[in-house]
Amino acid sequence: MTGKIFSPGKLLLTSEYVVLDGALALAVPTKWGQEFFFEEIQNGNPVVYWEAFHQGQLWLKAAINYKTWEIVNANFQKPAEFILKVLKNVQQLPSTQFQGDSTYHLKTNLQFPADYGLGSSSTLMNNLAEWAGIDAFVLNELSLGGSGYDVAVAKEKSAILYQNTAESRIIHPILFSPKFKDELIFIHLNQKQDSREGINHYRSKAKSPQLIEIFSSLTSEIMKAEDIGLFSELMEVHERKLSEFLGIKKVKEHYFEQCPVFVKSLGAWGGDFVMSRKFPGFEDYFSGKGFHRFFSWDDLIS
């Protein structure tokens, strides 16, 4: 049996960090994602041959015996150990896979640069879960943790409103294509932020139900914004309130103090992508600051 699965990457537009504590969040899928190719051969040899490609270039190759859960061989040990852990979780959930003695040839291809932070792990979790017929959120929780919004985007292949509380996980696939989308831009900050480090900093802060409600309300207002002016104001409010709570300078203060428009962090603060809007000479402005990778909405968002 052979086949292919694709999951899109993601960008979190609102409620970064506070989505972990139940704030309503808006996230959108990217055109780039991760492909997953699978082949099962019933031959009595219980081995997984794993190949991971990055933008078409092979970087990880491993063979794993799934009866003994031993790495037979690998060109990089640590990544192979992570793959072993995830595949073992797949088997134990339980799954329809790794129950007999077939050989599996599994191949992934990440379509975007690794430092873009668009969801290399979440797309992998969803691809494996779809292939194995298991719950992607449970697999993600066992393997990585996190709020799960990124897995939800990969699963729904759509923009979503997402809220994960102690009582329930709410996922609303939506069409989010603002009238002013052609005025929006996404700029990469030339580095990938360590999201776990950012999450640990956030978790160290005392939070209140009022804080969560503030960002849930902002998400709702941002969703309904009809023009770029209001949208920009709401994004500035969002950035300021989260900056005050985290005790971290806004990205605009770090890199873009003289920028005449809003600049908002997306996801973990300090790296990956930020969102802004076009203004006369914006290409020269951002390039002059050393940021040459910027994209329009239609370049990046699915």
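Is K157 buried, partly exposed or exposed, and what is its relative accessibility? K157 counts as partly exposed, because its relative accessibility of 38% falls between the limits of 20% for buried and 50% for exposed residues. The model described here is predicted.

**Salt bridges**

- A search of the whole structure finds 10 salt bridges, among them the pairs E51 with K61, K157 with E130, and E183 with R277.
- In the pair formed by K157 and E130, the closest N and O atoms are 3.6 Å apart.
- That pair links distant parts of the chain, 27 residues apart: K157 is in the loop between α4 (149-156) and β7, while E130 belongs to helix α2 (residues 120-132).
- E130 also counts as partly exposed, at 45% relative accessibility.
- E51 and K61 have their closest N and O atoms 3.9 Å apart.
- Because E51 lies in strand β3 (residues 47-54) and K61 in strand β4 (residues 57-65), this pair ties together parts that are 10 residues apart in sequence.
- Both partners are partly exposed, E51 with a relative accessible area of 26% and K61 with one of 45%.
- For E183 and R277, the closest N and O atoms are 3.8 Å apart.
- E183 is partly exposed, with a relative accessible area of 33%.

**Surroundings of E35**

- E35 is located in strand β2 (residues 25-41) and is buried, its relative accessible area being 13%.
- The side chain of E35 makes a polar contact of 3.1 Å with that of K4 and another of 2.8 Å with that of N109.
- Leaving aside residues up to four places away in sequence, E35 touches several residues, including I5, F6, K107 and N127.

**Helix α6**

- Helix α6 (residues 209-224) contains 16 residues and reaches 23 Å from its first C-alpha to its last, close to the expected 22 Å.
- Its buried residues are L211, I212, F215, S216, L218, T219 and I222.
- Seen down the axis of α6, these buried residues fall within an arc of 155°, so they line one face of the helix.
- The face turned away from the buried side of α6 carries the exposed residues P209, Q210 and K224.

**Hairpin of β7 and β8**

- Strands β7 (residues 159-164) and β8 (residues 169-174) pair in the antiparallel sense over six bridges.
- The two strands, β7 and β8, form a hairpin with four residues between them.
- I160 has P173 in β8 as its bridge partner.

Methods:
Residues are numbered from 1 along each chain as its sequence is written. This is a predicted model: local features need pLDDT of at least 70, side-chain atom pairs count only at pLDDT 80 or more; totals for chains, interfaces and linings use all residues. Side-chain values use heavy atoms; hydrogens and water are left out. Buried means under 20% relative accessible area, exposed over 50%, partly exposed in between (1.4 Å probe, protein chains only). A polar contact is a pair of N or O atoms within 3.5 Å; within protein, one must be able to donate a hydrogen and the other to accept it, and residues adjacent in sequence count only if both atoms are side-chain atoms. Contact means heavy atoms within 4.5 Å. The expected span of a helix is 1.5 Å times one less than its number of residues. The arc is that of the directions from the helix axis to the C-beta atoms. Two strands pair if DSSP finds at least two bridges between them. A salt bridge is a side-chain nitrogen of Lys or Arg within 4 Å of a carboxyl oxygen of Asp or Glu.
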